[in-house]
Amino acid sequence: MSNPSILILPGDGIGPEVMDQVVRVIDWYGAKRDLAFDVSTDLVGGAAYDAHGVPLHDDTMAKAQEVDAVLLGAVGGPKYDDLDFSVKPERGLLRLRKEMDLYSNLRPAQCFDALADFSSLKKDIVAGLDIMIVRELTSGVYFGEPRGIIEEGNERVGINTQRYTESEIERAARSAFELAMRRNKKVCSMEKANVMESGILWREVVTKVGEDYPEVELSHMYADNGAMQLVRAPKQFDVIVTDNLFGDILSDCAAMLTGSLGMLPSASLGAPMANGRPKAMYEPVHGSAPDIAGQGKANPIACMLSFAMALRYSFDQGEEAARLESAIEKVLADGARTGDLMGPEGGTPLSTAEMGDAILAALDASL
Ligand code: IPM
Ligand code: MG
């Protein structure tokens, strides 16, 4: 049997430098755990635009459809700010999500003990935090038609459409309930049913899906209240399920509870392929961080944790995923810190590669 395949799309900004460290981890699994992957690399975002004039080449899109999992770094940067909307780096990412039909975006927000002091919230509010946001990723206002900027009378009008079909809501909800069954059996659904018809339908469909999971406690919240509750008392949540736009916003909020955006991974999953694995793309929640790009300062942990999610959700290697997560937890407990994790007491931050060295050493020690 051939090795499972991974397509790596480092992208822009800090994407390539954090991905270099992930490649070392992938190689480690091949060498030390007899878990080899066929890895190929290609361009996305501004990097693809520079080479091909588009943020995702058709050949890259075709490759992404064929592999067992895609690992993406980050896209975007100030250099591309003035590009036409249709070729902006973000369009490459959105095309991957849409054409691979990755409808379920899992964004865990977990607070590592060693980092509880880094949160902008009080330690006791975030210590031990472990929540999972399931964000619908292929529909809603990100993709709804009509959209555009049109002329109306003597002014222009910007239009986007929030649109959800029952089946789109249903499949996102189902993945949230399935996850909750393997966690603490609580789902909180967030929408704005008080002002949006799509929110009324969302609530109805989620409630209906919930009937198939009698063990799971389902609650509903307006998304604005949800944002408030996330900073007030985040530990009340287990799984949160929400739409594409609210999920974008709420997941940044949840991520920051944990102390640094440099720590948070994500998985975007679609329907099972012929081999039974879900269509999947894994990416850190942080962006391309152009202010520190190319300086070897970036924290590679979010991207490494994204690979751990790939081990768990694409390759059925939950124990190996836990090995990597424990190695990361250990180096943090031992005091290893990149610049984004430096406290007021200061010290010398590790470079991206030094953090990689520490994690590889911890992986070796785990054997
Ligand atoms: C995210 C990002 C993207 C989004 C951008 C880069 C298009 O913010 O993954 O959360 O809005 O979905
Ligand atoms: Mg976002």
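Visitor: Which helix gives the largest share of the lining of the largest pocket?
Guide: That would be α10, which puts five residues into the lining. Bear in mind that this is a predicted model.

Visitor: OK, and how much space lies in that largest pocket?
Guide: About 480 Å³. The lining is made by 23 residues, and the closest to the pocket's centre are Pro108, Gln110, Asp130, Arg312 and Glu325.

Visitor: Which elements give two or more residues to that lining?
Guide: There are strands β4 (104–110) and β5 (130–136), plus helices α10 (301–313) and α11 (318–333).

Visitor: How do the lining residues divide between nonpolar, polar and charged?
Guide: For the largest pocket you get 14 nonpolar residues, seven charged and two polar.

Visitor: And which domains does that lining draw on?
Guide: Domain 1 (1–107 + 265–367) and domain 2 (130–257) each provide at least three residues to the largest pocket's lining.

Visitor: What's the class breakdown for the second largest pocket?
Guide: Its lining has nine nonpolar, seven charged and three polar residues. As for domains, at least three lining residues come from domain 1 (1–107 + 265–367) and at least three from domain 2 (130–257).

Visitor: Let's talk about ligand 1. Which residues surround it?
Guide: Ligand 1 has Glu90, Leu93, Arg97, Arg107, Arg135, Tyr142 and Asp248 around it.

Visitor: How far is arginine 97 from an oxygen atom of the ligand?
Guide: A polar atom in the arginine 97 side chain sits 2.6 Å from an oxygen atom of ligand 1. Tyrosine 142 also places a polar side-chain atom 2.5 Å from a ligand 1 oxygen. For aspartate 248, a side-chain N or O atom is 2.8 Å from an oxygen atom of the ligand.

Visitor: How much of ligand 1's accessible area does the protein cover?
Guide: On its own, ligand 1 has 320 Å² of accessible area, and the protein covers 75% of that.

Visitor: Now the backbone. Is the peptide bond from glutamate 145 to proline 146 cis or trans?
Guide: That bond is cis, with omega near 0°. Proline 146 belongs to strand β6 (residues 144–152).

Visitor: And what about lysine 185, is its phi positive or negative?
Guide: Positive, at about 60°, although lysine 185 isn't a glycine.

Visitor: Where does lysine 185 lie?
Guide: In the loop between α6 (166–181) and β8 (186–191).

How values were computed: Residues numbered from 1 in each chain as written. Chains lettered and ligands numbered in written order. Predicted model: local features only at pLDDT ≥ 70, side-chain atom pairs only at ≥ 80, totals over all residues. Heavy atoms only, no water. 1 Å grid on protein atoms, 1.4 Å probe; cavity = no way out; pocket = protein on both sides within 12 Å on 5 of 7 lines; lining within 4 Å. Points joined across faces, edges and corners; volume = space filled by probe spheres on them. Helix = DSSP H or I, 4+ residues; strand = E, 2+ residues; numbered from the N terminus. Nonpolar A, V, L, I, M, F, W, Y, C, P; charged D, E, K, R; others polar. Domains from an automatic or database assignment. Near = heavy atom within 4 Å. Polar contact = N/O pair within 3.5 Å; in protein donor to acceptor, adjacent residues only side chain to side chain. Areas by Shrake-Rupley, 256 points an atom, 1.4 Å probe, with all protein chains shown as cover.
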